[in-house]
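Reader: I am new to this structure and would like to know what the terms used for it rest on. Please take me through them one at a time.

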Amino acid sequence: MVTESKPPFPPFTLETATQKVKMAEDAWNSRDPEKVVLAYTVDSQWRNRDEFLSGREQIKAFLYRKWAKELDYRLRKELWAFTGDRIAVRFEYEWHDQSNQWYRAYGNEMWEFAENGLMQYRFASINDLAIAPSNRKFLWERG
């Protein structure tokens with residue numbers, strides 16, 4: 001039997017917590033729900049804004065909906081604090097809708113990890129701000 005794991009493992013150091021945050025940023029910027037969901041335990045529990053999700057299948061469905069709506073999504077995460085098996089992150093991301101209205105979202109996440117390095121709890125508080133294209137911070141090519 002193969003046991004899933006995703007290093008680095010808790011307890012975290014500044015170096016490994018920073019690595020975990022960068023790995024999450026890179027995965028989310030891929031906008032690939034099939035890839036992103038593998039960082040979470042099978043029974044992972046989430047609160048994202050006003051949605052409560054339980055397990056990889058609900059998380060995957062949520063991510064497909066999210067990135068179908070939030071076009072050209074680009075994210076930046078910053079380590080805020082860590083201890084033992086928990087990491088706190090500050091983030092912002094930009095996206096636009098079908099009408100080409102751009103938004104910047106600001107938020108905080110609290111993460112708790114299982115011993116195998118997979119995230120078992122994710123609690124996210126997020127606020128959106130409509131922005132003009134000229135106010136974008138994150139200028140990447142489409143894709």
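Author: What follows is a set of questions and answers about a predicted model.

Reader: Why is W28 called buried?

Author: Buried means under 20% relative accessible area. W28 has a relative accessible area of 4%, so W28 is buried.

Reader: Why does W67 count as buried?

Author: The relative accessibility of W67 is 10%, which is under 20%, so W67 counts as buried.

Reader: What makes W28 and W67 an aromatic pair, and how are their planes set?

Author: Two rings pair if their centres lie within 6.5 Å, and planes over 60 degrees apart count as edge-to-face. The structure holds eleven aromatic pairs. In the pair of W28 and W67 the distance is 5.5 Å centre to centre, with 80° between the planes. The distance is within 6.5 Å and the angle is over 60 degrees, so W28 and W67 form an edge-to-face pair. The pair links distant parts of the chain, 39 residues apart, with W28 in helix α1 and W67 in helix α3.

Reader: Why is the pair of W67 and Y73 called edge-to-face?

Author: The ring centres of W67 and Y73 are 5.6 Å apart and the planes stand at 65°, so this pair is edge-to-face by the limit of 60 degrees. Both W67 and Y73 are buried.

Reader: Which residues do ring pairs link into a cluster?

Author: The cluster consists of W28, Y40, W46, F62, W67, Y73, F91 and Y93.

Reader: What makes K77 a charge over a ring?

Author: The charged end of K77 sits over the ring of W28, 5.5 Å from its centre. K77 also lies over the face of F91, at 5.1 Å from the ring centre. Each distance is within 6 Å, so K77 meets the distance limit for W28 and for F91.

Reader: How many cavities does a search of the whole structure find?

Author: The search finds one cavity of 30 Å³ or more. The largest cavity holds about 60 Å³ of space.

Reader: What lines the largest cavity?

Author: The lining is made of W28, N48, F62, K66, Y73, L75, K77, F91, Y93, E109, R122 and I126. At least two lining residues come from each of α3 (56-69), β3 (71-83), β4 (86-96) and β6 (119-131). The largest share, three residues, is supplied by β3.

Reader: How do the lining residues divide by type?

Author: Seven are nonpolar, one is polar and four are charged. Lys, Glu and Arg count as charged, so K66, K77, E109 and R122 belong to the charged residues of the lining.

Reader: Why is strand β5 said to be largely enclosed by the rest of the structure?

Author: Strand β5 covers residues 102-113, and nine of its twelve residues are buried, so β5 is largely enclosed by the rest of the structure.

Reader: How do you know that β5 pairs with β4 and with β6?

Author: Two strands pair if there are at least two bridges between them. There are eleven bridges between β4 and β5, in the antiparallel sense. Twelve bridges join β5 to β6, and these strands also run antiparallel. Both counts reach the limit of two, so β5 pairs with β4 and with β6. Y103 in β5 stands opposite W95, and Y103 also stands opposite A130 in β6.

Reader: Where in the hairpins is there a positive phi?

Author: The hairpin of β4 and β5 has five residues between the strands, and N100 takes a positive phi near 70° there. In the hairpin of β5 and β6, also with five residues between the strands, G117 in the turn has a positive phi of about 85°.

Reader: Is D72 buried or exposed?

Author: D72 has a relative accessible area of 17%, which is under 20%, so D72 is buried. D72 is in strand β3, and its phi is near 50°, a positive value in a residue other than glycine.

Technical notes. Residues are numbered from 1 along each chain as its sequence is written. This is a predicted model: local features need pLDDT of at least 70, side-chain atom pairs count only at pLDDT 80 or more; totals for chains, interfaces and linings use all residues. Side-chain values use heavy atoms; hydrogens and water are left out. On a 1 Å grid over the protein atoms alone, a cavity is a set of points where a 1.4 Å probe fits but cannot get out, and a pocket is an open set with protein on both sides within 12 Å along at least five of seven lines; lining residues have an atom within 4 Å of a point. Grid points are joined across faces, edges and corners, and a volume is the space filled by probe spheres set on the points. Helices (H or I, at least four residues) and strands (E, at least two) are DSSP runs, numbered from the N terminus. Buried means under 20% relative accessible area, exposed over 50%, partly exposed in between (1.4 Å probe, protein chains only). Rings of Phe, Tyr and Trp (its six-membered ring) pair if their centres lie within 6.5 Å; planes under 30 degrees apart count as stacked, over 60 as edge-to-face and the rest as tilted. A charge sits over a ring if NZ of Lys or CZ of Arg is within 6 Å of the ring centre and within 35 degrees of the ring normal.
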